[in-house]
Every structure is written in C-alpha cells, then in structure tokens.
Amino acid sequence: MKVLVAETDAGLNKALVDTLLAGGYETVGVPDGFTAWNNLLWEGADICVLNADLPGIDGFGLLGMIRRSDLFSGMPVLMLTARPSAETQAAGYDQGCDDCVALPVDEGVFLARIKTLERRILRKE
C-alpha cells in the first residue's frame, strides 16, 4: 500500500513518512502541491495525506483535482490542518476528504487513521 505525504514542514514530513514506513507502508514525502500532483500522475498512490496549507496548489485545491480526476477520484485522502477550527475541518469534508486531522497529531493516532483508510480500500477490492 503506497501513501503519498504532502507536507511543507520538513521535520513533520519526515516524521510522518518514518511513521508510515515503520507501519509497513511504501511512502513518499513531498513539500508542495505541484510536486504532489506530479508524483501522483507519474508514480501513483493508494492513499494521500495533504496539508491544507501547501504552497503552490494548496491542500484543498489538490483535493479538488484528485476528486475530479478519473484516475484518483476514489482515493482516500487524509487532510492535515494547523487550523483546527470546525470551519476548516468542515471545509475539508465538504470538498471530499475522508478524514481531517488537526496538527500536531500523535504518531499512533495518525497511523491508526491511515489503517482505517486502508481497510476501506481493501473492502472495495
């Protein structure tokens, strides 16, 4: 199962990627929305983790592109946000994310949420 992590903070990006690798996931971390979209097009992924505040294409814009794409419209997306307001989380759900997590996030909770998204994929197959 391959997870694409799009997170601007290098330290957090590395921590999330390391957590996923330790959990047995093939993982790639990228720093911005443009790189994330290009990586999806060229390398693909099964699950996408997006920071809402990505530079270039922000997380909400990238989520919209994923949902409009024939290739990725059904891909589970977990949105990360440093703005834990109900409005920000509701905006993520309204635009089609499968889960929305306020930062900072506990590594164990993060991994559990990824596993939940993985179970959804496995049930569809």
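**View 1. Side chains of strand 4 in the predicted model.** From strand 4, Val 77, Met 79 and Thr 81 point one way, while Leu 78 and Leu 80 point the other way. Side chains in a regular strand alternate between the two faces of the sheet. Every one of these residues is buried. Because five of the five residues of strand 4 are buried, the strand is largely enclosed by the rest of the structure.

**View 2. Pairing of strand 4 with strand 3.** The two strands run parallel and are joined by four bridges. Opposite Leu 78 of strand 4 stands Val 49. Together with helix 3, strands 3 and 4 make a right-handed β-α-β unit.

**View 3. Pairing of strand 4 with strand 5.** Four bridges link strand 4 to strand 5 (residues 99-102), again in the parallel sense. Leu 80 has Val 101 of strand 5 as its bridge partner.

**View 4. The largest nonpolar core.** This core has 22 residues, and those with the most contacts inside it include Leu 4, Leu 40, Ile 66 and Met 79. At least two core residues each come from strand 1 (2-6), helix 2 (33-43), strand 3 (47-51), helix 3 (59-68) and strand 4 (77-81). Helix 3 supplies the largest share, four residues.

**View 5. Surroundings of Ile 66.** Leaving aside residues up to four places away in sequence, Ile 66 touches Trp 37, Leu 40, Cys 48, Leu 50, Phe 72, Ser 73 and Val 77.

**View 6. A second, separate core.** This core consists of 18 residues, among them Leu 16, Val 17, Phe 110 and Ile 114.

Notes
Residues numbered from 1 in each chain as written. Predicted model: local features only at pLDDT ≥ 70, side-chain atom pairs only at ≥ 80, totals over all residues. Heavy atoms only, no water. Core = buried A, V, L, I, M, F, W, Y, C linked by side-chain atoms within 4.5 Å. Buried < 20%, exposed > 50% of the residue type's maximum accessible area, 1.4 Å probe, protein only. Contact = heavy atoms within 4.5 Å. Pairing = 2+ DSSP bridges. Right-handed = clockwise from strand over helix to strand, strands pointing away.
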